[in-house]
Every structure is written in C-alpha cells, then in structure tokens.
Amino acid sequence: VQLQASGGGLVQAGGSLGLSCVASKTTWNVKVGWYRQAPEKQRELVAVFREDGSVRYGDSAKGRFTLGRDNGKKTVYLQMRSLESEDTAVYYCYYNDGLNDYWGQGTLVTVSS
C-alpha cells in the first residue's frame with residue numbers, strides 16, 4: 001500500500017490546517033489515519049479510523065482535530081484547529097490492512113507561537 005500525504009506547512013498558533021492522505025488501496029474496512037512524531041519524542045496516535053468506521057483519537061487531538069474520509073477517493077483527511085506549538089511534528093499517514101502496517105512519507109506541520 002502506498003500513501004501520499006499532503007497539506008503540511010507553517011501556521012500560527014490558534015490557526016487551522018488540513019492534511020490529506022491518498023491511499024493506493026481502499027480506505028474501507030481498514031485502519032487508516034494519522035500519527036505524528038515531534039522532535040525527540042516517540043511517534044504518537046493522532047486519529048485513526050477503526051475497521052468498523054469509528055474513530056480513535058489521541059488525547060492531544062480530542063476536541064480539536066477531526067478525522068474524515070472519502071472512500072471513493074481513497075482519501076483520509078485530518079482537519080486541525082486551535083493549533084498549539086506542541087502540535088509541531090511530522091505527521092504520518094498510517095494504514096493497516098489487517099496484516100501489515102504501512103506508513104506515508106510524512107508531512108511537516110510547524111506551529112509558530
């Protein structure tokens with residue numbers, strides 16, 4: 001599975017930003033979403049669709065980030081608002097087909113304070 005992420009960039013604190021990830025295979029009935037890794041920190045969950053379509057959000061994303069998708073376009077979206085400097089990280093698109101994990105190349109989000 002190939003994952004193409006886009007939408008990262010520089011945003012001021014308090015602002016909003018959207019990320020997109022296009023998958024080479026279906027986004028239906030799979031785990032698909034986003035993780036992130038800040039400098040000198042471990043990779044952490046941002047938001048992921050479970051196979052049943054429900055969303056699991058990481059603690060830092062709850063109430064501020066929204067995960068969406070368009071299965072016809074095999075695309076998942078992450079809408080981020082009220083961004084904070086602590087959200088600065090490389091955001092990775094994630095996909096699990098029930099057998100293997102797949103990762104996109106990462107897109108950098110930088111939040112300036």
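**The disulfide and its surroundings**

A: Both Cys21 and Cys93 are buried. Buried means under 20% relative accessible area, exposed means over 50%, and partly exposed is in between (1.4 Å probe, protein chains only). Before going on, keep in mind that this is a predicted model, where local features need pLDDT of at least 70, side-chain atom pairs count only at pLDDT 80 or more, and totals for chains, interfaces and linings use all residues. Residues are numbered from 1 along each chain as its sequence is written, and side-chain values use heavy atoms, with hydrogens and water left out.

Now the bond itself. A search of the whole structure turns up one disulfide, meaning a pair of cysteine sulfur atoms within 2.5 Å. Here Cys21 is joined to Cys93, with 1.9 Å from S to S. The disulfide is left-handed, because the torsion about the S-S bond of Cys21 and Cys93 is about -90 degrees. Cys21 sits in strand β3 (residues 17-23) and Cys93 in strand β9 (residues 89-96), so the pair ties together parts that are 72 residues apart in sequence. Those strand names come from DSSP runs numbered from the N terminus: strands are E runs of at least two residues, and helices are H or I runs of at least four.

Let's follow β3 to one of its partners. Four bridges join β1 to β3, and the two run antiparallel; strands pair if DSSP finds at least two bridges between them. Gln4 has Val22 as its bridge partner in β3. Strand β1 (residues 3-6) has Leu3 and Ala5 on a covered face, while Gln4 and Ser6 are on an uncovered one. In a regular strand the side chains alternate between the two faces of the sheet.

What about the nonpolar interior? In soluble globular proteins, nonpolar side chains tend to be buried together. A nonpolar core is a set of buried Ala, Val, Leu, Ile, Met, Phe, Trp, Tyr and Cys residues joined through side-chain atoms within 4.5 Å. The largest one has 27 residues, of which Trp34, Val46, Phe65, Leu78, Met80 and Tyr91 touch the most other members. Two or more residues each come from β1, β3, β4, β5, β7, β8, β9 and β11. Take Leu78: leaving aside residues up to four places away in sequence, its contacts include Leu17, Leu19, Trp34, Val46, Phe65 and Tyr91. Contact means heavy atoms within 4.5 Å.

A pair of aromatic rings is described by the distance of the centres and the angle of the planes. Rings of Phe, Tyr and Trp (its six-membered ring) pair if their centres lie within 6.5 Å; planes under 30 degrees apart count as stacked, over 60 as edge-to-face and the rest as tilted. The whole structure has four such aromatic pairs. Tyr35 and Trp103 have ring centres 5.2 Å apart and planes at 75 degrees, so the pair is edge-to-face. Together, Tyr35, Tyr94 and Trp103 form one aromatic cluster. Tyr35 is buried at 18% relative accessible area and Tyr94 is buried at 8%, while Trp103 is partly exposed at 36%.

One last stop: Gly106, in the loop between β10 and β11 (107-112). Gly106 counts as buried, at 17% relative accessibility. Not counting residues up to four places away in sequence, Gly106 touches Val90, Tyr91 and Tyr92. The C-alpha atoms of Gly106 and Tyr35 are separated by 9.3 Å, though the two residues are 71 residues apart along the chain.
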